[in-house]
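Subject: Handover of a structure

Dear colleague,

Please find below the structure that I am passing on to you. My findings follow after it.

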Amino acid sequence: MANQKNLLAVKVTLLLFCTLISVCVPTGASPENTKTVEFNVKPGGMVHTFTEGIREYECTFTYASQGGTNEQWLMSVGLSDDDKLFSCSLWRPQGKSYLFFTQFKAELKGTKIEYANAYSQTAAGGQSDVPLKPEEFIVGESTVTHNEGKFSAQLSKLTAIGRTRHDEL
């Protein structure tokens with residue numbers, strides 16, 4: 001049992017690493033198993049949604065933000081070769097976002113989240129990732145959301161990895 005947990009930890013870590021740097025495609029993986037796309041994060045206080053997916057798995061980012069102008073962000077989704085893990089990462093490649101997020105939610109359709117983290121700053125220009133405080137966001141079964149009243153309005157990256165239903169017996 002301990003070996004299975006260690007193997008899962010290694011797989012999750014590898015998939016997370018591959019997703020975060022968005023250049024890792026495992027040997028033998030088809031191009032349909034990974035995808036990175038650009039999208040605009042728009043201020044103005046209105047709720048916006050962006051969705052990307054692979055096969056029946058989807059990552060949907062819903063948010064509202066204020067200040068400045070549109071920012072170019074990236075979303076990377078990946079499906080492990082054995083179809084057991086689906087990952088979603090979204091981030092501002094230039095580092096820290098200058099927008100103030102009034103809300104956010106990332107939803108992984110068709111999975112149960114096993115790992116998630118959110119960051120106020122991404123590694124860029126010699127800077128390091130700066131994670132949000134754990135009390136600033138809530139990880140549910142299939143969602144990662146801001147924690148009303150505790151979220152500092154700073155978001156620059158979010159990563160979630162979910163176990164697909166293919167792993168259930």
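Does Ser152 count as buried, partly exposed or exposed, and what is its relative accessibility? Ser152 counts as partly exposed, because its relative accessibility is 40%; buried means under 20% relative accessible area, exposed over 50%, and partly exposed in between, with a 1.4 Å probe and protein chains only.

Before I continue, two notes on the basis of these values. The model is predicted, so local features need pLDDT of at least 70 and side-chain atom pairs count only at pLDDT 80 or more, while totals for chains, interfaces and linings use all residues. Residues are numbered from 1 along each chain as its sequence is written, and side-chain values use heavy atoms, with hydrogens and water left out.

Overall architecture

The chain holds 1 helix and 11 strands; helices (H or I, at least four residues) and strands (E, at least two) are DSSP runs, numbered from the N terminus. Along the sequence the pattern reads α-β-β-β-β-β-β-β-β-β-β-β. Of the 169 residues in the chain, 46% are buried. Among contacts (heavy atoms within 4.5 Å) with a separation of 6 or more, 67% are between residues 24 or more positions apart.

The open sheet

An open sheet is formed by 5 strands in the order β2-β3-β6-β10-β9, with antiparallel pairing; two strands pair if DSSP finds at least two bridges between them. Strands β2 (48-54) and β9 (137-139) stand at the edges with a single partner strand each, so one side of each has no neighbour in the sheet. From one strand to the next, the twist averages 15 degrees, where axes are lines fitted to C-alpha atoms, for helices over the stretch in contact, and angles run from 0 to 180 degrees between N-to-C directions. Within this sheet, β3 (residues 57-66) and β6 (residues 100-109) run antiparallel and are joined by 9 bridges. Ser65 stands opposite Phe101 in β6.

Aromatic residues

The chain has 9 aromatic pairs; rings of Phe, Tyr and Trp (its six-membered ring) pair if their centres lie within 6.5 Å, and planes under 30 degrees apart count as stacked, over 60 as edge-to-face and the rest as tilted. One of these pairs is Phe39 with Trp73, which is tilted, at 6.4 Å centre to centre and 55 degrees between the planes. Phe39 belongs to strand β1 (residues 34-41) and Trp73 to strand β4 (residues 71-79), so the pair ties together parts that are 34 residues apart in sequence. Both Phe39 and Trp73 are buried. One aromatic cluster is made up of Phe39, Phe50, Phe61, Tyr63, Trp73 and Phe101.

Ser152 and its surroundings

Ser152 is found in the loop between β10 (143-146) and β11 (157-164). Leaving out residues up to four places away in sequence, Ser152 touches Leu132 and Glu136. The side chains of Ser152 and Glu136 make a polar contact at 2.7 Å; such a contact is a pair of N or O atoms within 3.5 Å, where within protein one must be able to donate a hydrogen and the other to accept it, and residues adjacent in sequence count only if both atoms are side-chain atoms. The C-alpha atoms of Ser152 and Phe101 are separated by 8.4 Å, although the residues are 51 apart along the chain.

Thr111

Thr111 lies in strand β7 (residues 111-121) and is buried, with a relative accessible area of 1%.

With kind regards
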